[in-house]
Amino acid sequence: MEEENRLLKARVEELEKERDDLEWRNSQLTRLLQEMGQLKEGGEWNVDDHLADESWQFMTTETDQSNNQAVPHNFKKGEEVTAYDTSEVQTYPDRPHFNERPAPLHPATQVVIFDGCPNDPYHPSSMPIYQTATFVQPSISEFGPYDYTRSGNPTRTALEVLIAKLESAHSAFAFSTGMSALTTITQLFSSGDEIIACSDLYGGMHRLLTQVCNRFKIKLQFIDTTDIESLEKAITPGVTKLIHIESPSNPLMRITDLKSLCALAHKHDILVSVDSTMMSPYLWQPLTLGADIVMHSGTKFLNGHSDTMLGVVCVKTEKLASQVAFLQNAEGSALAPFDSWLVLRGLKTLAVRIERQQFNAMKIAQFLTTVPEVKKLHYAGLGPGRGPATATEESYKLHFSQAKGGGSVLSFETGNVRLSERIVDACKLFKITVSFGSCNSLIEMPCLLSHASIPAEKRTLPPDLIRLSVGIEDVHDLLCDLQRAFKYASSGAKDVRAQIERDLKKNQKVHSQ
C-alpha cells in the first residue's frame, strides 16, 4: 500500500509538471499570435482555425539569403600602387543594414534560419569557422573583401549581420568582451566631453568610467535616469555628449522611459547608449525607441552557455558605424573566429531559452512574494501589490510598453547581510558566481561579487541584496532548492552547507535500505 501511494504521488507530480509545460507553451503561442495580429486580446487559440487560415503564413518570407554576408567586393588600388590612399577603403567588410529595413520574420525564426554564408558553393548547414589570421589578395593592385582577421573575418561578419538584424541596426560589431565593447563606446569621446550614466550601473562600467575615462579628462555624472526632470537639470549644453543607461538596471531593476530620455537627449544633440544585456534583442530593440547605440555583454543571453566571452556594439547610423569599426580595427579588440562561431550556435536557441527562463523566473518571483524573509523583491515582470514587490504601477506599465517580457534576472533583500550570505551558501542548484543569462541558474550577492569594484561609499546597493539569474532547469527543482535554502538559512546550523550535505547523505542512506 505504501509503495502504491508513493508511485501515485510521483505520477501526480509528473502530471503537474506536464500541465505547467503545456500552460507555458500555450501562453507563448498565444502571445506570438497576438503580436502577429492573428489573435485578439482575450481570444482563444484553435489549431484547426489557424491551419485553415491562409493568413497564418508569414506575409513576408526571406527566400533570398544572399544579403546576409559580406559582399565579395574587391577594392582596386589603381595603376600606381605608391599613390594609393588607404583611407579610401573602409576598415570593415560591406554588409547589409537593417536600420531602415527591419527583418520581416520573428526573431525566434531569424536566429534559426539565418544563413551566414549563402554564397558558399558547398552550402553548409552551419557557418564555417574561418580560423585564419590572413587572406590572400587577388593582386598587388587590389584588396579582397578580407585581408587580416583583426579587420574582418567571414565568421565574425556573419555574427555581426545576424545581431544587426535582431536589433534593427545599421551595423553591429563583435568584440572580445563586454568590457571591450563598453570601452569602445567611451572612446568615441574626447577630453572635456561629459558622460552621464545611470546611478544603478554595472560595476565594471562604473570602474571603467571612474578609473580609466577620468584619466583622459572625460567628465562624469551619475544620475537617476528614471527621473527625467533631474536628468534634464544635470545636462550641460555643449559639454554633455553621451547618456548611458541600463533598463532594467542591474541589479535593482529600475525602469527608464527610453523614448522620453532620447527626445530630451537629441534636443541637446546628445547621443544615447543603452546596455541591453539584461533583456537581449529578443525582448526589446532600443534603437527602434530612439537610442543611438546599443551594447550587449553577449557572454550572457546571446551566447547563453557560459563558454565564451563576447561584447557587441550596435549602431543606428553609418557615421557611428565607421567610427566604431575604426576603433575596433585600430585597438584590435574584435572577437575571434571560433568564439564568433560559438555565439552563432548559441543564438539558435535564444528564443526558447529566454521564454523558458522567463517562465521559471515568474514562478520563482511569485514564490518569493510568500517568503517572510524577503523584505523587498525587484523584478521587472512582477506588477505592484504583490507583497514585497517594489515595482510601481507606472514603472510596470512603462516597462511593458518598451519590452515584451520581464526577463529572467531578479533580486531581493532580506534586511540582514548574514542571513543573505547563508541563503546563498545553502543553494545547491543555483551556482554561486558572477554573470547571468546562462542556461543554468546562478546566485550571487552583488556587493561581494559583480559590483564589488564599486567603492562601498559610492554604491547605491543594499549590502544584503541577492541577485538570481534563473535558468532553464525544471522550475519545481529550482523552487525546492530555494525552499531548502531559506529553511536551512533560518535554522540554527552554524555551517549550512555542511549541514545540508550531512542531511542529504542521511536521507540517501535511509532510502537505500
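Me: Hi! Which residues in α13 meet which ones in α14?
Reply: Hello! This is a predicted model, and in it L419, R422, I423 and A426 of α13 meet A485, F486, Y488 and A489 of α14.

Me: What classes of residue make up that contact of α13 with α14?
Reply: By class, seven of the residues are nonpolar, none is polar and one is charged.

Me: Is the crossing of α13 and α14 left-handed or right-handed?
Reply: α13 passes α14 in a right-handed crossing.

Me: Nice. Switching to charges: how many salt bridges does the structure hold?
Reply: There are nine salt bridges in the structure. One of them pairs E160 with R95, with the closest N and O atoms 3.1 Å apart.

Me: Where in the structure do E160 and R95 lie?
Reply: E160 is in helix α4 (residues 154-167), while R95 is in the loop between β1 (75-76) and α3 (107-113), so this pair ties together parts that are 65 residues apart in sequence.

Me: And are E160 and R95 buried or exposed?
Reply: Both E160 and R95 are buried.

Me: Which residues are linked with E160 in a network of salt bridges?
Reply: E160 is linked with R95 and R156 in that network. The side chains of R156 and E160 meet in a salt bridge at 3.9 Å, N to O. R156 is buried, as is E160.

Me: How far apart are R156 and E160 along helix α4?
Reply: They are four residues apart in helix α4, so about one helical turn separates R156 from E160.

Me: What about R345, which residue does its side chain meet in a salt bridge?
Reply: R345 meets D307, and the N to O distance is 3.9 Å. R345 belongs to helix α10 (residues 337-347) and D307 to the loop between β8 (293-297) and β9 (311-315), so the pair ties together parts that are 38 residues apart in sequence.

Me: Why does R345 count as partly exposed?
Reply: R345 counts as partly exposed because its relative accessibility is 45%. The cut-offs here are under 20% for buried and over 50% for exposed, with partly exposed in between.

Me: And what does D307 count as?
Reply: D307 has 38% relative accessibility, so D307 counts as partly exposed too.

Definitions and conventions. Residues are numbered from 1 along each chain as its sequence is written. This is a predicted model: local features need pLDDT of at least 70, side-chain atom pairs count only at pLDDT 80 or more; totals for chains, interfaces and linings use all residues. Side-chain values use heavy atoms; hydrogens and water are left out. A crossing is left-handed if the near helix is turned anticlockwise from the far one by less than a right angle, and right-handed if clockwise. Helices (H or I, at least four residues) and strands (E, at least two) are DSSP runs, numbered from the N terminus. Contact means heavy atoms within 4.5 Å. Ala, Val, Leu, Ile, Met, Phe, Trp, Tyr, Cys and Pro count as nonpolar, Asp, Glu, Lys and Arg as charged, and the others, Gly among them, as polar. A salt bridge is a side-chain nitrogen of Lys or Arg within 4 Å of a carboxyl oxygen of Asp or Glu. Buried means under 20% relative accessible area, exposed over 50%, partly exposed in between (1.4 Å probe, protein chains only).
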